[in-house]
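Subject: Structure handover

Dear colleague,

I am passing the structure on to you with this email. My notes on it come after the display.

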Amino acid sequence: MKKLNTGSIIVGKLPEGCMLCQQGAKTVLFVTGLCTRRCFYCPLGLDRKGVDVIYVNERKVRKYKDIINEAVKMDALGTGLTGGDPLLTPGRTIKLIKLLKENMGSDHHVHLYTTGTVKSLQVYRKLVQAGLDEIRFHPSRKDWSVLKQVRKIIDIPFGGEIPVIPGHAKEAIEFLKFMDEIGADFVNLNELEFSDTNSLNLLQRGLKLAAGSYAAVEGSLEEGIKILRWGEENTGLNLHLCPVSVKDKVQTRLRFYRTAVNVAEPYETVTDEGTLITLRVEGSRSELMQLIH
């Protein structure tokens, strides 16, 4: 087990999708807010939760070319497809994978998050045929059998991604056991976080904000470390514990920085936070001419 400079804690190696994400090199493509799960900790805002909308890097998509424009603007090396559950709109998701590969290049890395509620094996085959590079599941227990079947038919990096809920280490360990048994490549554990929409649900369950944090749930990171230790000793999985701070202070900031570097004018300066400092001089034409001369 080791801690990376970003703050992530890993056993083995990071999935490629995570490596690019921690460089700020991944476009975040929200494919749809539709989802059959009703997780009490879902952090999605009301403008997305259960709504069939598309966003790219927090910008609402009106035309598919908006997605490519955003990826080009930040010189993206990959894209993460998320939701909701992108597989509830399988035709759209497959089309978006092809669109990204055709416009950004075949080496543009595309990973996808899904719940495992979609059982059609043909859908998973088509994802791979379209160019999907990596898949991550956040399943309920009743859908574990779907993962087992999918693992048998696709040969791309295959993993799980779940939040660490304090007091539920036993369930997380059972998931690690299962993923190891079916030959998964990795499992990502995310520090549980408060959001505007899930805060009441978390508080009602006795969960609290961690001291010194604006979003992390108290005890989640510590429990994640215990689960990682168990996984290191008992499985062959690559494991990654991702703190809330990595998402906002590393991934998002670096994504802003990449974009700012690409769009900055010669008279603008890019800050370490990815914002732009610009000089604006106002005055009449004669006043400006006097300044120049």
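This is a predicted model: local features need pLDDT of at least 70, side-chain atom pairs count only at pLDDT 80 or more; totals for chains, interfaces and linings use all residues.

The largest share, five residues, is that of α6. By class, 12 of the lining residues are nonpolar, seven are charged and three are polar.

Helix pair α6 and α8

The helix α6 also packs against α8, which spans residues 220–234. The axes of the two helices are 10 Å apart, at an angle of about 30°. Angles under 35 degrees count as roughly parallel, so α6 and α8 are roughly parallel to each other. The crossing of α6 past α8 is right-handed. On the α6 side the contact is formed by A169, A172, I173, L176, K177 and D180, and on the α8 side by E223, I227, W230, G231 and N234. Sorted by class, six residues of this contact are nonpolar, three are charged and two are polar.

Helix pair α2 and α3

Helix α2 runs over residues 64–73 and helix α3 over residues 90–104. Their axes cross at roughly 45° and come within 11 Å of each other. The two helices are therefore oblique to each other. Here too the handedness can be given: α2 and α3 make a right-handed crossing. From α2, the residues in contact are Y64, I67, I68, A71 and V72; from α3, they are R92, K95, L96, L99, L100, N103 and M104. The contact of α2 with α3 counts nine nonpolar residues, two charged and one polar.

Helix pair α4 and α5

For α4 (residues 121–130) and α5 (residues 144–153), the axes come within 10 Å and the crossing angle is roughly 45°. That angle makes α4 oblique to α5. The passage of α4 across α5 is right-handed. In this pair, L121, Y124 and R125 of α4 meet V146, Q149, V150 and I153 of α5. The classes in the contact of α4 with α5 are five nonpolar, one polar and one charged.

Loop residue E193

E193 sits in the loop that joins β10 (186–191) to α7 (199–204). Which residues does E193 contact, once its neighbours within four places in sequence are left aside? They are N198, L202, A215, A216, V217, V244 and K247. One of these, L202, lies within the range of α7. There is also a C-alpha distance to report for E193: its C-alpha atom is 8.7 Å from that of P163, although the two residues are 30 apart along the chain.

Regards

How values were computed:
Residues are numbered from 1 along each chain as its sequence is written. Side-chain values use heavy atoms; hydrogens and water are left out. Helices (H or I, at least four residues) and strands (E, at least two) are DSSP runs, numbered from the N terminus. Ala, Val, Leu, Ile, Met, Phe, Trp, Tyr, Cys and Pro count as nonpolar, Asp, Glu, Lys and Arg as charged, and the others, Gly among them, as polar. Axes are lines fitted to C-alpha atoms, for helices over the stretch in contact, and angles run from 0 to 180 degrees between N-to-C directions. Angles under 35 degrees count as roughly parallel, over 145 as roughly antiparallel, 65 to 115 as roughly perpendicular and the rest as oblique. A crossing is left-handed if the near helix is turned anticlockwise from the far one by less than a right angle, and right-handed if clockwise. Contact means heavy atoms within 4.5 Å.
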